[in-house]
Amino acid sequence: MARMSASDRRAALARAALTVVERDGVHAATTRAIVAEAGMPLGSFHYAVPSRDELLRDVVELVVAGEGDAAFAALLADAVDPADAIRRTLTAYLEHVRAAPGREQAMFELTQYALRTADLQDLPAEQYARYHALAARILTAAQAHLGIRWTVPVAELARLVVTVTDGVTLGWLADRDDAAAERTIDLAAAALAPFAEPASDPTN
C-alpha cells in the first residue's frame with residue numbers, strides 16, 4: 001500500500017467519520033470505529049489529526065463543501081428571474097438531502113451533540129458560520145448572474161436562507177413528504193424574491 005501523507009490520511013479519516021456518524025450516530029464515532037471504517041491502524045489516527053473533536057470539525061467542512069457544490073451548480077443554470085434562481089437553488093439542496101438523508105440527519109445530531117459537549121461548544125457557531133458564508137456566496141453570485149442587487153444586507157439575507165433550508169430539511173426528514181417540501185420551496189422563493197431589484201445602471 002502506498003504511504004499516505006498526513007493531509008490525505010486526515011481527509012480519509014474525515015470521510016470515514018462522516019460514514020460512521022451517518023450510519024450509527026455521533027456517539028458511535030469513536031476513534032476505533034473511525035479508523036476501522038477507514039481501514040487504518042489505530043496508531044495512524046493521531047499521526048494525522050490531534051483529536052476526535054478536531055476531526056468532527058473536518059466533517060462539518062466536508063459536508064458544507066458538498067452542499068455548496070450542489071447549490072452553485074443550480075445557480076449557474078438558466079434561471080430567468082430571482083424567484084426562479086432561488087427555487088432552483090433550494091430544489092438542488094433538497095435533492096442533495098434526498099440523496100443522502102442520513103448525512104443531513106447526522107449534521108443535526110452533530111450540532112445537538114456539540115451543544116452538550118464542553119470541548120465542542122464552539123463547533124455549532126463555527127458550523128453555522130460556514131452555512132451563512134456559503135449562503136452569502138451564493139447570494140452574491142446571484143447578483144452578478146441575474147443583474148440584480150439585494151435590498152437588505154447579504155449577511156442578513158444569508159441567515160434567512162439558512163433558516164429556510166434548515167426548516168425544509170428537518171421537515172422533510174420528519175415526514176419524507178416530497179410534495180410538501182417542494183411547496184414550501186415555492187413559497188420561500190416567492191417570499192425571498194421581493195428582496196431583489198434590478199442593479200443600477202453604472203452609467204446613470
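One term before we start: when I say contact, I mean heavy atoms within 4.5 Å. And keep in mind that this is a predicted model.

Which residues is His132 in contact with, leaving aside its neighbours within four places in sequence? They are Ala158, Arg159 and Val162. Is His132 buried or exposed? Buried means under 20% relative accessible area. His132 has 17%, so His132 is buried.

Now the core. The largest nonpolar core has 57 residues. Six of them have the most contacts inside it: Leu13, Ile34, Phe45, Leu55, Leu123 and Trp150. Where does this core draw its residues from? At least three come from each of domain 1, residues 6–64, and domain 2, residues 68–198.

Stay with Leu123 for a moment. Skip residues up to four places away in sequence. Leu123 then touches Leu56, Arg57, Val60, Leu110 and Ala114.

Next, a helix pair. Look at H1, residues 6–24, and H6, residues 101–115. Their axes come within 8 Å. They cross at roughly 90°. Angles of 65 to 115 degrees count as roughly perpendicular, and H1 and H6 are therefore roughly perpendicular to each other. Who meets whom? From H1, we have Leu18, Val21 and Glu22. From H6, they meet Gly102, Arg103 and Ala106. By class, that contact has 3 nonpolar, 1 polar and 2 charged residues.

On to Arg87, in helix H5, residues 82–99. How far is Arg87 from Glu182? In sequence, 95 residues apart. In space, 9.0 Å, C-alpha to C-alpha. Again leave aside neighbours within four places in sequence. Arg87 is then in contact with Ile185, Asp186 and Ala189. Arg87 is at 30%, so Arg87 counts as partly exposed.

Last stop: Arg176. Find the loop between helix H8, 154–175, and helix H9, 178–192; Arg176 is there. What is the phi of Arg176? Positive, about 55°, although Arg176 is not a glycine. The relative accessible area of Arg176 is 42%, so this residue is partly exposed too.

Over to you for questions.

How values were computed:
Residues are numbered from 1 along each chain as its sequence is written. This is a predicted model: local features need pLDDT of at least 70, side-chain atom pairs count only at pLDDT 80 or more; totals for chains, interfaces and linings use all residues. Side-chain values use heavy atoms; hydrogens and water are left out. A nonpolar core is a set of buried Ala, Val, Leu, Ile, Met, Phe, Trp, Tyr and Cys residues joined through side-chain atoms within 4.5 Å. Buried means under 20% relative accessible area, exposed over 50%, partly exposed in between (1.4 Å probe, protein chains only). Domain bounds come from an automatic or database domain assignment. Axes are lines fitted to C-alpha atoms, for helices over the stretch in contact, and angles run from 0 to 180 degrees between N-to-C directions. Helices (H or I, at least four residues) and strands (E, at least two) are DSSP runs, numbered from the N terminus. Angles under 35 degrees count as roughly parallel, over 145 as roughly antiparallel, 65 to 115 as roughly perpendicular and the rest as oblique. Ala, Val, Leu, Ile, Met, Phe, Trp, Tyr, Cys and Pro count as nonpolar, Asp, Glu, Lys and Arg as charged, and the others, Gly among them, as polar.
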